[in-house]
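The stops below go one selection at a time.

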Amino acid sequence: MADSTPRALGEHHYALTSVWTGNTGTGTSGYRDYRREVTIEVDGKPELLASADKSFRGDPSRWNPEDLLLASLSECHLLSYLHACVTAGVVVVSYRDDASGMMREDGKGGGSFVEVMLRPEVVVADASMIEAAERAHAQANEWCFIANSMNFPVRHQATVRAVA
C-alpha cells in the first residue's frame, strides 16, 4: 500500500540504525565495564564502525560523533560549493578541505560545539574564474542544509587559485 500522507514540497526523510556492539558480557554494570562501540547501518550502504571519542573511553580507530558532525559540514559545503560554481560558470578542477571544530564541555557531563572552521583549497580551470569562485563560498554557505541546522558559527577560510 502506497503512503498517502501529504508531504511538504522539498521534504526529505532519512533513516539509519545504530547498534551498540560494546557489551563485554555485563552490559552497563559500571562505567568502565562496557565498550563504546557502535555500528551505524543504512540500507544499501557499507556499515560504519563508530565509537565515542578517545577522550570519552572510545576506540580512536572508529568514527566518533564529533568526527561525523565535522565531516557532514565539510561535505555539505563542498557539494553546495560545486553546485554554486556550476551556476556561476566556474570550472573547479580540485577541492580539498582541512576542516576543524571546537567542542567545549560544560562541566555537567555535556557540552557543545562552539565553532567549525572550513578551510577549502580550491583550484579552478582559469584565473578569470577566481573572483566568482571566491564568491561561490557565500552562496554555498546559504545553501548548505547542515550548516543551516547548526546553532554555532560555521566559518570559512577559503583559498582559490587557478591551474598553473
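Which salt bridge do the side chains of E131 and R135 form, and at what N to O distance do they meet? Select both: the side chains pair in a salt bridge at 3.0 Å, N to O. The model is a predicted one, so read each distance as a property of that prediction.

**Stop 1: along α2**

Keep E131 and R135 selected and show the helix around them. Both belong to helix α2, residues 130-143, and because they are four residues apart there, about one helical turn separates them. E131 is exposed, and R135 is exposed too. Side chains of opposite charge can pair when their charged atoms come close.

**Stop 2: the other salt bridges**

The count of salt bridges comes to five. Among them is the pair R62 and D59, with the closest N and O atoms 3.8 Å apart. That pair counts because the cut-off is 4 Å between a side-chain nitrogen of Lys or Arg and a carboxyl oxygen of Asp or Glu. Are R62 and D59 buried or exposed, or in between? R62 has 16% relative accessibility and therefore counts as buried, whereas D59, at 24%, counts as partly exposed.

Next, select D98 and R96. Their side chains meet in a salt bridge at 3.3 Å, N to O. D98 has a relative accessible area of 35%, so it is partly exposed.

**Stop 3: α1 against α2**

Two packed helices are described by the angle between their axes and the distance between the axes. How do the axes of α1 and α2 cross? They come within 8 Å and cross at roughly 125°. That angle makes α1 oblique to α2. The crossing is right-handed.

To see the contact itself, select these residues:

- on α1: H77, S80, Y81, H83, A84, C85 and T87
- on α2: A133, A136, H137, Q139, A140, N141 and W143

The residues of this contact divide into seven nonpolar, seven polar and no charged.

**Stop 4**

Move on to I146, in the loop between α2 and β8, which spans 154-156. What does I146 touch, once its neighbours within four places in sequence are left aside? The contacts are S72, L73 and C76. I146 is partly exposed, with a relative accessible area of 31%. For a distance check, draw a line from I146 to V86: the two are 60 residues apart along the chain, and their C-alpha atoms are separated by 20 Å.

**Stop 5: two loop residues**

Select R57, in the loop between β3 and α1. Most residues other than glycine have a negative phi, and most peptide bonds are trans. R57 has a positive phi of about 70° although it is not a glycine. Its relative accessible area is 37%, so R57 is partly exposed.

Finish at P46, in the loop between β2 (38-41) and β3 (48-50). P46 is exposed, with a relative accessible area of 73%.

Terms used
Residues numbered from 1 in each chain as written. Predicted model: local features only at pLDDT ≥ 70, side-chain atom pairs only at ≥ 80, totals over all residues. Heavy atoms only, no water. Buried < 20%, exposed > 50% of the residue type's maximum accessible area, 1.4 Å probe, protein only. Contact = heavy atoms within 4.5 Å. Axes fitted to C-alpha atoms, helices over the stretch in contact; angles between N-to-C directions. Parallel < 35°, antiparallel > 145°, perpendicular 65-115°, else oblique. Left-handed = near helix turned anticlockwise from the far one by under 90°. Nonpolar A, V, L, I, M, F, W, Y, C, P; charged D, E, K, R; others polar.
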